[in-house]
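Please examine the sequence and the model before reading on.

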Amino acid sequence: MTQHPRISKAVIPAAGLGTRFLPATKATPKEMLPVVDKPAIQYVVEEAVAAGLDDVLMVTGRNKRPLEDHFDRNYELESALQKKGDAGRLAKVQESSDLATMHYVRQGDPKGLGHAVLCAAPHVGDEPFAVLLGDDLIDPRDPLLQRMVEVQEQRGGSVIALMEVAPEQIHLYGCAAVETTTDSDVVQVSGLVEKPDPADAPSNYAVIGRYVLDPHIFDILRRTEPGRGGEIQLTDALQQLAQDEKIGGPVHGVVFKGRRYDTGDRGDYLRAIVRLACEREDLGPDFRTWLRSYVAEEM
């Protein structure tokens, strides 16, 4: 099987306004909201680095400067912690600035995910790259992105992450029409539709926020007209790739059955915090005891 070029770059779109979390996101980027004691965006960057992608481009917008500050050095804070002899907190502060080589570009107009990805074209150039959406946190014990990179290197083209969802939930996602392959966790994608009516959905395979993309996607995005919601949809561009392999190779999907934490809405954000806190060695035992007591009292 042909071995394709090694992927080293990750793109993280982070220009959204976070309106579902107002008023908390009026002055704080939604990506900086804490999940236990780390901002959501740090989990995403850590995932990219764990998959071997240490060149990270963040697509930002207005009022997103705290994202850059978080991944930069804070000499005053580091000095204060050093003088206190607080080595533990000092290491946590320095960890985010040492994770990866970070780059930033602004998406001037909020024209959708496809447009945000297109903003990465000058940095990415003519090589495959990964896209990670910050609303989906993937448990590090379930290395989805690593598997996607592996599939792309083996098969070429583009690879998207898929999860089976209940049919009545498919209207919340992009949906893929698929065919089986020789790998049990890999399917070939023959078509995609953005947020279909359940009666019209080609499957219950939902697209979740991880992509490994062939650079031909940029040429398609430049020609893609605004679609659902008046935005340039990445799904529409991937549909063209799926229909014509000659453009940029096939589109495959990795079917993910691991642990995913959806921080895109308030309820799931809270559930993600509870699940992660329960699993922490330093917080879990006491927190689980309190949670059991609280639930028992409320029942």
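This is a predicted model: local features need pLDDT of at least 70, side-chain atom pairs count only at pLDDT 80 or more; totals for chains, interfaces and linings use all residues.

Residues are numbered from 1 along each chain as its sequence is written, and side-chain values use heavy atoms, with hydrogens and water left out.

Q: How is helix 11 oriented relative to helix 12: parallel, antiparallel, perpendicular or oblique?
A: Helix 11 (residues 266-279) packs against helix 12 with axes 7 Å apart and an angle of about 125 degrees. Helices are DSSP runs of H or I with at least four residues, strands are E runs of at least two, and both are numbered from the N terminus; axes are lines fitted to C-alpha atoms, for helices over the stretch in contact, and angles run from 0 to 180 degrees between N-to-C directions. Angles under 35 degrees count as roughly parallel, over 145 as roughly antiparallel, 65 to 115 as roughly perpendicular and the rest as oblique. The orientation of helix 11 to helix 12 is therefore oblique.

Q: Which residues of helix 12 meet Val 274, Ala 277 and Cys 278 of helix 11?
A: Contact means heavy atoms within 4.5 Å. On the helix 11 side, the residues involved are Val 274, Ala 277 and Cys 278. Their partners in helix 12 are Gly 284, Phe 287, Arg 288 and Leu 291.

Q: What accessible area do Trp 290, Tyr 294 and Val 295 have together?
A: Patches are made of residues with over 30% relative accessible area and no salt bridge, like charges being joined within 9 Å and nonpolar side chains (Val, Leu, Ile, Met, Phe, Trp, Tyr) within 5 Å. Accessible areas come from the Shrake-Rupley method with a 1.4 Å probe, and for residues only the protein chains shown count as cover. The nonpolar surface patch formed by Trp 290, Tyr 294 and Val 295 has an area of about 310 Å².

Q: Are Lys 64 and Glu 31, which form a salt bridge, buried or exposed?
A: A salt bridge is a side-chain nitrogen of Lys or Arg within 4 Å of a carboxyl oxygen of Asp or Glu, and in this pair the closest N and O atoms are 2.8 Å apart. The partners are 33 residues apart: Lys 64 is in the loop between strand 4 (55-60) and helix 2 (65-70), and Glu 31 is in the loop between strand 1 (9-13) and strand 2 (34-35). Both Lys 64 and Glu 31 are buried.

Q: How many residues apart in sequence are the parts tied together by Glu 279 and Arg 141?
A: These side chains meet in a salt bridge with an N to O distance of 2.5 Å. Glu 279 is partly exposed at 41% relative accessible area, and Arg 141 is partly exposed at 47%. Glu 279 lies in helix 11 and Arg 141 in the loop between strand 7 (136-138) and helix 7 (144-155), so the separation is 138 residues.

Q: How many salt bridges does the structure hold?
A: One of them pairs Asp 86 with Arg 89, the closest N and O atoms being 3.0 Å apart. Arg 147, Glu 150, Arg 155, Asp 183 and Asp 185 are linked in a network. The total for the structure is 22.

Q: Which peptide bond is cis, with omega near 5 degrees?
A: Most residues other than glycine have a negative phi, and most peptide bonds are trans. Pro 23, in the loop between strand 1 and strand 2, takes part in an exception. The cis bond runs from Leu 22 to Pro 23.

Q: What is the phi of Asn 63?
A: Asn 63 lies in the loop between strand 4 and helix 2 and is exposed, with 53% relative accessibility. Its phi is positive although the residue is not glycine, with a value near 65 degrees.

Q: What distance separates the C-alpha atoms of Val 165 and Ser 203?
A: Val 165 is in the loop between strand 8 (158-164) and strand 9 (174-180) and counts as buried at 15% relative accessibility. Not counting residues up to four places away in sequence, Val 165 touches Ile 170, Tyr 173, Asn 204 and Ala 206. Val 165 and Ser 203 are 38 residues apart in sequence, and their C-alpha separation is 9.5 Å.

Key
Buried means under 20% relative accessible area, exposed over 50%, partly exposed in between (1.4 Å probe, protein chains only).
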